[in-house]
Amino acid sequence: MDTLEDLNRKLDGAKDIKSVVKAMKAMAAANISQYEAAVASLGDYYNTVTLGIKAYLRAEKIQTVIEKPGAGKDEDQTVCVIVFGSDLGLVGQFNDLLSGFVQQSFNVITGKKEIWVIGERIQALLADAGLNITKSYAVPVSIDAVTPLIQSLLIEIEEIRETRHLKQFYVFHNQPKTGSSYEPVLQRLLPLDEKWMQDLMAVQWPTNTIPEVIGNTVTTLSALINAYLFVSVFRGSTESLAAENASRLEAMQRAEKSISDMLESLGKKFQRLRQSMIDEELFDVVSGFEALKKKSDR
């Protein structure tokens with residue numbers, strides 16, 4: 001049975017945990033705003049870049065794909081997969097849901113897989129599943145730290161495309177939904193092949209004006225493609241960070257409620273035990289007084 005000292009120690013521990021939860025909840029709430037703002041602005045920028053590429057293709061009357069499919073069977077090709085997870089815990093099912101989605105998606109993505117992971121937690125889950133982890137990166141701690149990470153990833157992508165002739169690249173991450181929910185999504189980053197061309201041509205031009213390309217067409221296309229790749233990976237990173245902090249905020253809200261309920265329960269138990277001990281002491285005093293009174297009456 002718990003003593004007053006035991007209950008008091010549990011109450012102090014629960015209060016300390018609650019203060020930590022409140023701090024993490026405040027941090028997640030503060031982070032969400034900056035990442036959600038970045039996601040919104042990146043959506044507009046992504047659409048602008050996509051329209052720019054379509055404008056170039058229409059102006060140059062290009063109907064063929066930019067990159068032809070590579071020779072050889074799909075099963076013999078190596079596919080590079082980039083997965084954005086989290087370094088920190090207390091994010092609910094954030095990493096577990098994404099890990100399951102990655103493994104399920106591998107059933108329809110043919111070829112040998114090598115995986116680049118961003119985040120220690122998702123790396124551990126994928127490694128436990130027996131997947132081939134070849135590169136790992138730390139999760140950016142702020143919006144300012146996202147750009148260096150994306151630049152590093154794009155440099156690595158360009159290097160292995162030239163040295164190892166890898167052509168297929170996919171990006172997996174959690175995407176925020178309304179409220180604090182999120183869902184895992186898959187984006188096909190490269191190659192810029194026939195499927196990419198079809199998806200691009202399906203985008204509607206917003207006006208009836210025929211677009212024109214001003215300046216060197218080769219330089220323009222190169223700049224647009226580089227911007228397309230950059231914003232595609234950057235958006236995946238920021239959406240992952242927004243979803244991670246939304247998941248953490250929700251987890252902290254649940255934890256805060258559970259701790260508040262525990263504190264209330266421990267507080268009531270402490271008061272009952274304290275009152276019981278006081279009653280026992282009063283009973284002993286009264287009993288002692290009655291015994292002394294009877295003895296004096298004799």
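## Strands E1 and E2

E1 and E2 run side by side in the parallel sense, paired over seven bridges (strands pair if DSSP finds at least two bridges between them). Cys-80, for instance, has Glu-114 in E2 as its bridge partner. Strands are DSSP runs of E with at least two residues, while helices are runs of H or I with at least four, and numbering starts from the N terminus.

Before going further: this is a predicted model, where local features need pLDDT of at least 70, side-chain atom pairs count only at pLDDT 80 or more, and totals for chains, interfaces and linings use all residues. Residues are numbered from 1 along each chain as its sequence is written, and side-chain values use heavy atoms, leaving out hydrogens and water.

## The whole sheet

Zoom out and you get an open sheet of five strands with mixed pairing, in the order E3-E2-E1-E4-E5. Strand E3 (133-137) and E5 sit at the edges with a single partner strand each, so one side of each has no neighbour in the sheet. On average, neighbouring strands are turned by 20° against each other, direction ignored.

Helix H4 lies across E1, E2, E3, E4 and E5, running at about 160° to E2 (axes are lines fitted to C-alpha atoms, for helices over the stretch in contact, and angles run from 0 to 180 degrees between N-to-C directions).

## The nonpolar core

The largest nonpolar core has 42 residues, and Ile-53, Phe-84 and Leu-153 touch the most other members. A core like this is a set of buried Ala, Val, Leu, Ile, Met, Phe, Trp, Tyr and Cys residues joined through side-chain atoms within 4.5 Å. H6 gives the most to this core: eleven residues.

Take Leu-153: leaving aside neighbours within four places in sequence, Leu-153 is in contact with Phe-84, Trp-116, Ile-118, Tyr-137 and Val-233 (contact means heavy atoms within 4.5 Å).

## Rings in pairs

There are five aromatic pairs in the whole structure. Rings of Phe, Tyr and Trp (its six-membered ring) pair if their centres lie within 6.5 Å; planes under 30 degrees apart are stacked, over 60 edge-to-face, and the rest tilted. Phe-230 and Phe-234 make a tilted pair, 5.4 Å centre to centre with 35° between the planes.

Both sit in helix H6 (residues 217-297), four residues apart, or about one turn of the helix. Phe-230 is partly exposed because its relative accessibility is 23%, whereas Phe-234, at 9%, counts as buried (buried is under 20% relative accessible area, exposed over 50%, partly exposed in between, using a 1.4 Å probe and protein chains only).
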